[in-house]
Amino acid sequence: MTSHRPIEEGVATDLAGEQTYGSYLQLDALLGAQRPVSDHHDEMLFIVQHQVTELWLKQLIHELRSAIALVAADDLPPALKRLARIKAIQRQMFEQWSVLETLTPVEYVQFRDALGKASGFQSAQYRTVEFLLGNKTPGMVKVFAHDPVLRDQLQADLEAPGLYDTFLRHLARRGHDVPSEVLDRDVREPYTSHPGVVEVFRRIYADPDEHWDDYEASEELVDVEEGFQLWRFRHLKTVERIIGFKRGTGGSSGVAFLQRALDLTFFPELLDVRTHL
């Protein structure tokens with residue numbers, strides 16, 4: 001055995017003027033973006049945790065926009081591939097909370113005031129994901145009035161059909177009897193369950209062999225829904241163990257605010273139909 005491994009012949013070592021690993025990934029910018037505002041050791045963890053989450057949210061948005069476009073074109077197989085990747089990202093985001101949970105209440109309170117009003121509630125990418133999945137909250141757009149670019153993008157996502165509305169329109173084109181009032185609804189408003197859509201899914205689930213593509217896509221959406229709810233719950237429990245029932249830095253009620261989010265659903269009839277099978 002040896003503790004030394006020589007560089008293999010052929011490995012590039014003269015990198016002057018070449019695109020390198022660091023330059024391709026823009027590591028100078030990426031690794032220079034962690035700028036604690038206190039001198040507390042654990043603030044670095046807090047920053048890295050949230051920046052990594054934002055990177056995963058960026059990829060989620062990338063996949064969701066593609067999935068919506070593919071479903072709108074009735075091209076389900078690659079859309080399901082996008083949803084499979086989204087589920088893998090969700091698992092990463094869920095497990096990531098375990099790292100932040102190593103931050104104790106005593107440690108966090110020593111730099112929490114330095115955050116000012118900064119809060120995850122203000123994450124434009126998180127709000128974009130919710131809009132793309134169909135949880136439309138028109139009033140949220142004004143939170144980003146201070147940034148016209150973000151505000152305009154959120155407004156555009158508010159006014160465009162999300163994943164679920166797009167899927168229901170796909171089902172209608174496939175010959176399923178989706179009620180016209182659902183198809184023609186104002187997509188800027190939050191979606192509410194409709195018994196006619198429950199019946200559409202009941203028929204699909206009653207004969208999966210006949211409707212396999214739509215059945216499979218429905219179950220993929222249920223997976224995404226569950227993954228998002230598990231992430232929300234883990235978020236709540238992490239906040240609860242670190243700050244208890246204090247108000248959030250952005251002014252929210254904290255744990256109580258996160259608890260109410262667990263009552264939200266993106267694809268209500270896909271859950272409702274299980275009672276009718």
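The second largest pocket of this predicted model is lined by A29, L30, L31, A33, Q34, V48, Q51, V52 and L55. Here a pocket is an open set of points on a 1 Å grid over the protein atoms alone, with protein on both sides within 12 Å along at least five of seven lines, and lining residues have an atom within 4 Å of a point. Helix 2 (27-31) and helix 3 are the elements that give two or more residues to this lining, and helix 3 provides the largest share, four residues. Helices are DSSP runs of H or I with at least four residues, strands are runs of E with at least two, and both are numbered from the N terminus. The volume of the second largest pocket is about 190 Å³, where a volume is the space filled by probe spheres set on grid points joined across faces, edges and corners. By class, its lining holds seven nonpolar, two polar and no charged residues; Ala, Val, Leu, Ile, Met, Phe, Trp, Tyr, Cys and Pro count as nonpolar, Asp, Glu, Lys and Arg as charged, and the others, Gly among them, as polar.

Residues are numbered from 1 along each chain as its sequence is written. As the model is predicted, local features need pLDDT of at least 70 and side-chain atom pairs count only at pLDDT 80 or more, while totals for chains, interfaces and linings use all residues, and side-chain values use heavy atoms, with hydrogens and water left out.

The largest pocket has a volume of about 1300 Å³. Its lining comprises 42 residues, of which S119, G120, F121, Q122 and H235 are the closest to the pocket centre. Two or more lining residues come from each of helix 3, helix 4, helix 6 (124-133), helix 11 and helix 12 (255-261). The lining of the largest pocket divides into 20 nonpolar, 15 polar and seven charged residues.

Three cavities of 30 Å³ or more are found in the whole structure, a cavity being a set of grid points where a 1.4 Å probe fits but cannot get out. The largest cavity holds about 60 Å³ of space and is lined by L57, L60, Q90, M93, Y126, G227, F228 and W231.

For the second largest cavity, the volume is about 40 Å³. V71, L76, A79, L80, L83, L163, F167, A217 and L221 form its lining, which by class has nine nonpolar, no polar and no charged residues. Helix 4 gives the most to this lining, four residues, and helix 8 (163-173) and helix 11 are also among the elements that each supply at least two.

Turning to the whole chain, there are 13 helices and zero strands. The C-alpha trace spans about 65 × 55 × 45 Å along its principal axes. Of the 277 residues, 38% are buried, meaning under 20% relative accessible area, with exposed being over 50% and partly exposed in between (1.4 Å probe, protein chains only). L25 lies in the loop between helix 1 (21-24) and helix 2, and L25 counts as partly exposed because its relative accessibility is 37%.
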